Amino acid sequence: MRGTTYDLRIGNEPTRDVIIESALDKPDGREPVLHSGARAASGQTLKRCTRRLFRLCSRLDLGRGHKPRAQSLMNIISRLKRIVPAPFRPPLRRCLHSIWPRSRYAHRVQQELETYNAIENVHDLPAIAHYWSEKYVAPLFRPFGFANSIEFFRSYVARMCGERPAETVAILSVGAGNCASEINIAEWLREIGIENYRFECVDINPALLKRGASLAEAKGLARYFTFSSFDLNAWRPSGQYHLILAIQSLHHFVDLEILFEKIHELLHPDGYFLADDMIGRNGHQRWPEALKLVNELWGELPDTYKFNHLLKRHEKEYENWDCSKEGFEGIRAQDILPLLVERFNFELFIAFSNVIDIFVDRCFGPNFDPSKEWDRAFIDLVQALDAAQIESGALKPTHMLAAMTKSSVERTKMYKHLSPEFCIRRPDPHVRLRDVTIGSCERPGGYCSSSSRYCFSIGELRSRSSFPSCGSGSL
Ligand SMILES: C[S@@+](CC[C@H](N)C(=O)[O-])C[C@H]1O[C@@H](n2cnc3c(N)ncnc32)[C@H](O)[C@@H]1O
């Protein structure tokens with residue numbers, strides 16, 4: 001049997017063992033092909049499985065309970081996985097989900113755990129992402145006193161500790177994963193001599209928290225940390241926190257309304273809810289207006305740049321992939337900003353990027369090499385188009401850094417006119433890309449990179465000498 005045993009606590013229920021199998025499903029969601037030999041052999045097994053399934057189901061309480069019961073559902077699903085042959089799992093799962101809707105949630109939780117257990121470093125990004133963020137994102141942040149997300153969090157923690165020298169600043173991190181960022185912050189605090197704080201790191205994945213606990217121990221920082229593993233969708237919190245951190249985790253939560261209410265309740269009157277998160281369309285898909293621009297750019301991209309490294313496939317046509325089909329990736333990303341605006345006041349809000357995500361993220365980013373001039377120029381062009389469309393309001397940003405409070409705020413610090421309200425995508429069937437002219441380019445529908453080195457219409461990309469042919473030489 002493939003599988004790993006985890007010590008998992010869900011929704012404050014007592015800890016139990018859960019068996020989680022890995023890599024059971026095809027990444028593209030297709031059903032596996034069943035060969036005829038396997039069919040015959042599996043017939044007997046299916047009968048056995050069905051009998052066991054009915055026995056198991058008859059012992060279940062299908063009518064009552066809520067998400068804390070995900071623990072027992074996961075136990076049952078795990079057992080089923082062990083006895084049901086792989087080819088029968090997808091149809092059986094669909095059947096189970098329709099007669100027993102709560103099993104869908106438990107299945108997603110399992111996928112979520114499997115995804116992150118397989119990743120050593122969640123923040124491992126392609127080299128081109130670093131080229132892009134250093135050239136465009138860091139300059140956006142610098143006027144606010146930091147150059148990246150971790151410095152943003154550090155600055156608020158240091159400020160809170162500095163303002164309360166006689167107190168212990170309570171910091172809660174929701175969806176902390178392996179706590180690498182929190183430990184990084186703690187190391188930095190040690191360097192500058194700050195000790196009056198405690199981190200409480202919460203995550204549904206005990207294996208990740210265990211990695212965090214080992215790292216904190218190894219760095220001599222264990223006394224500043226506590227780790228709790230439970231499902232934040234079924235959270236019964238208590239206490240009060242000066243700072244609540246959500247580092248790339250809000251886009252994994254289903255019950256955002258409840259989560260935000262609880263955070264509001266737990267936040268000290270002078271405290272901050274700090275978030276670095278994805279706020280684009282659910283499942284990190286593009287909205288139609290952004291997809292239009294992606295498709296235009298895709299048409300100009302040589303085939304060698306169209307390999308999807310995560311899904312391990314070539315995409316001649318760009319596929320607007322819904323990452324939330326499995327696990328919780330981007331499950332309600334588009335609701336995050338509107339819900340936050342309803343509940344919190346923003347002391348700081350910086351939002352950025354949309355179409356550029358596609359070309360620098362883990363799927364297609366590895367196809368670009370920042371040491372190649374053409375690759376850099378293409379990314380520069382996409383960034384320029386993206387930024388212009390976002391500033392015009394035609395596209396809405398997919399990333400945000402936000403510092404929020406319960407108390408009123410005199411003035412929100414933000415980038416240009418990109419306020420939280422401005423960055424909400426309102427459902428509007430008439431959203432259109434604007435004709436933008438970037439740099440000194442005066443041709444209608446033409447574009448220049450922000451450095452004004454490239455000036456062309458998208459259709460002209462092929463003939464530009466500034467974009468030397470690469471790969472197949474088809475450019
Ligand atoms: C993208 S990772 C971010 C982890 C970490 N904050 C970081 O920046 O490396 C999202 C995290 O949310 C956690 N998560 C997802 N759903 C959760 C839930 N319902 N309750 C608690 N944690 C959850 C996942 O286990 C994962 O560690």
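Two residues are in contact if their C-beta atoms, placed from the backbone, lie within 7 Å. Helices here are DSSP runs (H or I, at least four residues), numbered from the N terminus. This is a predicted model, in which local features need pLDDT of at least 70 and side-chain atom pairs count only at pLDDT 80 or more, while totals for chains, interfaces and linings use all residues. Residues are numbered from 1 along each chain as its sequence is written.

Have a look at α6 and α7. In α6, I150, F153, R154, V157 and A158 meet S181, N184, I185, W188 and L189 of α7. By class, this contact of α6 with α7 has seven nonpolar, two polar and one charged residues; Ala, Val, Leu, Ile, Met, Phe, Trp, Tyr, Cys and Pro count as nonpolar, Asp, Glu, Lys and Arg as charged, and the others, Gly among them, as polar.

How do the axes of α6 and α7 run? They come within 10 Å and cross at roughly 55°, with axes being lines fitted to C-alpha atoms over the stretch in contact and angles running from 0 to 180 degrees between N-to-C directions. That makes α6 oblique to α7, because angles under 35 degrees count as roughly parallel, over 145 as roughly antiparallel, 65 to 115 as roughly perpendicular and the rest as oblique.

Technical notes. Helices (H or I, at least four residues) and strands (E, at least two) are DSSP runs, numbered from the N terminus.
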